[in-house]
Amino acid sequence: MSIRERLSGNEAAATAMKQINPDVVAAFPITPSTEIPQYFSTFVANGSVDTEFVAVESEHSAMSACIGAESAGSRAMTATSANGLSLMWEMIYIASSLRLPIVLSLVNRAVSGPLNIHCDHSDAMGVRDSGWIMLFSENNQEAYDNTLMAHRIAEDENVRLPLMICQDGFITSHSIENIELESDDEVKKFVGEYHPEHYLLDDQNPIAVGPLDLQAFLFEHKAQQGEAMKAAKQVILEVSKDFEAWTGRHYGLFEEYRLADAEMAIVCMNSTAGTTKAVVDRLRENGIKAGLLKIRVYRPFPAEEVANALSHLKAIAVLDRADSLNAIGGALFEDVTSSLYVENKHVPMVNYVYGIGGRDTTEKDIESVYTDLTEIVKTGKVENPYRYLGLRREEK
Amino acid sequence: MPYNLKEVVANKPSRFTEGHRMCAGCGAPPVTRMILRALKEEDHAVIANATGCLEVSSFIYPYTAWTDSYIHTAFECAAATLSGAEAAYQAMKRQGKLPKDKTTKFIAFGGDGGTYDIGLQSLSGAMERGHDMTYVCYDNGAYMNTGIQRSSATPRFADTTTSPAGKVIPGKMQPRKDLAKIMVGHHLPYVAQTIAINNFKDLYEKSEKAIYTDGPTFLNVLSPCPRGWGYPTEDLMPINKLAVETCYWPLYEVVDGVYHVTYKPAKKLPVEEFLRPQKRFRHMFKPGNEWMIEEFQKEVDSRWQELLDLEEMTNKAE
């Protein structure tokens with residue numbers, strides 16, 4: 001039986017961590033994820049978890065300590081944002097190459113510079129090819145649920161990869177919304193115990209971790225990481241199915257919102273999906289066949305499934321909350337376009353970079369995207385596929 | 001406790017095996033082996049290693065020279081990595097997830113590059129947090145693994161590939177950082193400076209103290225490099241001896257803030273005895289460069305005197 005509560009996104013993530021009760025949490029404060037280690041160290045101070053909290057002196061050390069802890073045979077978790085993740089970057093790759101199922105709560109914020117503390121996805125996009133599983137969350141409930149599912153996915157013997165749960169900084173992390181929590185006992189049962197096959201603290205079977213890995217083997221090891229990432233897709237679906245059987249809350253690789261009979265759709269991630277749903281509902285009332293595809297699993301990217309879900313449309317807009325500054329388009333746009341291309345589906349597509357540095361994205365903004373899509377449906381033409389949404393300047 | 005070092009060496013199995021690819025005449029392998037010999041045979045160890053010569057020569061997939069559990073992650077974070085493993089040990093021990101009767105010790109190894117420079121923050125953090133671990137810096141005075149670039153441990157005037165002795169600038173112009181004192185500033189229960197000398201007695205005893213003192217402890221071990229220093233490989237031990245006899249590398253320990261100089265040469269040799277056999281100091285012996293040797297001697301003398309003063313002062317206070 002779920003417990004009804006009102007929590008912010010950060011509280012939701014911290015509550016999930018408390019219920020998971022990991023052996024080690026190593027974290028460093030950075031806005032807007034600071035509250036997570038704050039809440040968590042209170043749990044430690046009050047004895048409500050068995051965790052060793054390591055108050056490291058940087059995010060680089062946070063991830064290093066998580067790697068040490070997870071290699072030692074324990075469950076390790078952390079939280080960060082933006083520049084914190086940038087500072088971890090070196091260790092992010094090492095964590096995945098060592099096949100350590102570390103779980104990280106990423107509260108999305110713009111990476112400097114210039115300095116900005118508000119939401120965009122440039123932090124997450126900076127590590128999109130680092131070998132981490134990446135789950136995005138529309139709201140506090142999804143941040144909580146994704147965290148509860150994280151270890152089952154990451155620790156699966158066919159996966160063994162680190163996992164990050166993303167939620168939008170401030171928009172989700174600091175907004176208090178209704179949430180359904182599960183009981184501590186039920187969470188404990190669902191998450192299960194961690195019994196790694198090899199670990200540093202096994203004195204009967206000492207191991208060596210992190211070799212110099214040269215031309216003769218690195219390629220094979222990297223390919224194994226790639227295979228694990230492919231295998232993760234099925235595991236995510238299985239764990240999500242078990243989760244649904246337990247809580248009644250359904251999760252797939254992505255959410256299709258009024259998509260099946262839509263003519264045009266927006267593809268986006270995290271909190272903007274909530275705004276988009278409201279706009280879709282209103283447009284539908286006016287007979288406009290608008291839909292939404294909200295990515296939940298960004299890595300592994302469900303290319304085939306996304307292509308099939310979008311192939312019947314007449315126009316698609318992909319919204320990127322990070323600019324790739326590459327003169328081609330945002331990262332999600334590239335992923336979606338290549339997914340369709342490889343599946344031999346052709347749908348006119350347009351990319352909007354939006355919400356940079358916490359710029360508000362309103363229903364009006366989203367509605368303007370559907371207006372543009374209506375025009376594309378009519379003409380079949382995309383004049384300028386790489387656009388900005390909500391940018392304060394005259395369109396050339 | 002009385003012990004026979006020869007018996008220790010003969011009877012305790014080496015925990016750092018042969019077959020690694022370190023250079024002949026390198027100071028690091030004998031240092032590493034002797035430090036690990038200080039572990040009680042029944043104890044397990046988790047070793048963390050910063051990227052560097054020792055790491056890239058001892059764990060090349062799929063071979064390892066380490067018989068204990070070992071982890072290498074990156075250059076600057078051996079201390080942070082090991083602090084995570086130690087935290088896991090504390091948590092798992094507390095929860096009964098590990099055997100009660102078994103002890104695991106935590107030892108990190110880093111070169112001077114990974115310790116004095118890029119890893120200083122990670123080391124400082126781990127020491128301040130009080131993890132029960134020993135950090136060992138094997139100090140060879142430059143980034144030897146990448147080809148002899150200067151570090152903050154490089155002695156003044158040394159010729160390295162990024163502080164070359166040129167026509168205008170005669171080698172590294174800055175004096176070297178005093179890392180052991182920085183560690184003393186962390187108020188650790190045990191800090192020592194040592195070297196492989198006189199049948200390794202000093203090294204062995206300090207290692208044992210460091211490993212079996214509760215809390216964070218630090219060892220700084222001078223560890224010559226024949227390639228970077230430019231001495232014949234067979235001269236490792238004579239070079240070590242000269243470093244100590246000239247007081248270039250004083251042997252001391254700091255126990256709960258109290259300094260003990262563990263070796264005072266009866267006759268302190270002039271530092272040029274230590275400098276002359278090394279190619280990195282060759283330019284100092286050219287006519288007209290006598291001032292460099294004088295400056296070097298002054299620095300050695302003042303640091304030695306400072307150490308003696310600290311010993312006197314901290315013992316008096318006690």
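Trainee: How many residues of chain A are in contact with chain B?

Mentor: This is a predicted model, where local features need pLDDT of at least 70, side-chain atom pairs count only at pLDDT 80 or more, and totals for chains, interfaces and linings use all residues. Residues are numbered from 1 along each chain as its sequence is written, with chains lettered from A and ligands numbered from 1 in the order in which they are written. Two residues are in contact if their C-beta atoms, placed from the backbone, lie within 7 Å. Chain B brings 40 residues to the contact, and the number from chain A is 40.

Trainee: Which element gives the largest share of the side of chain B that touches chain A?

Mentor: Helices (H or I, at least four residues) and strands (E, at least two) are DSSP runs, numbered from the N terminus. Elements that each supply at least two residues of this side include β1 (44-49) and α6 (120-129) of chain B. The largest share, 13 residues, comes from α4(B).

Trainee: In which sense, parallel or antiparallel, do β9 of chain A and β4(B) pair?

Mentor: Strands pair if DSSP finds at least two bridges between them. A208(A) stands opposite Y70(B) in β4(B). Strand β9 (residues 208-209) of chain A and β4(B) have two bridges, and the sense is parallel.

Trainee: What distance separates the centres of domain 1 and domain 2 of chain A?

Mentor: Domain bounds come from an automatic or database domain assignment. For chain A, that assignment gives domain 1 (3-247) and domain 2 (254-389). Taken over C-alpha atoms, their centres are separated by 28 Å.
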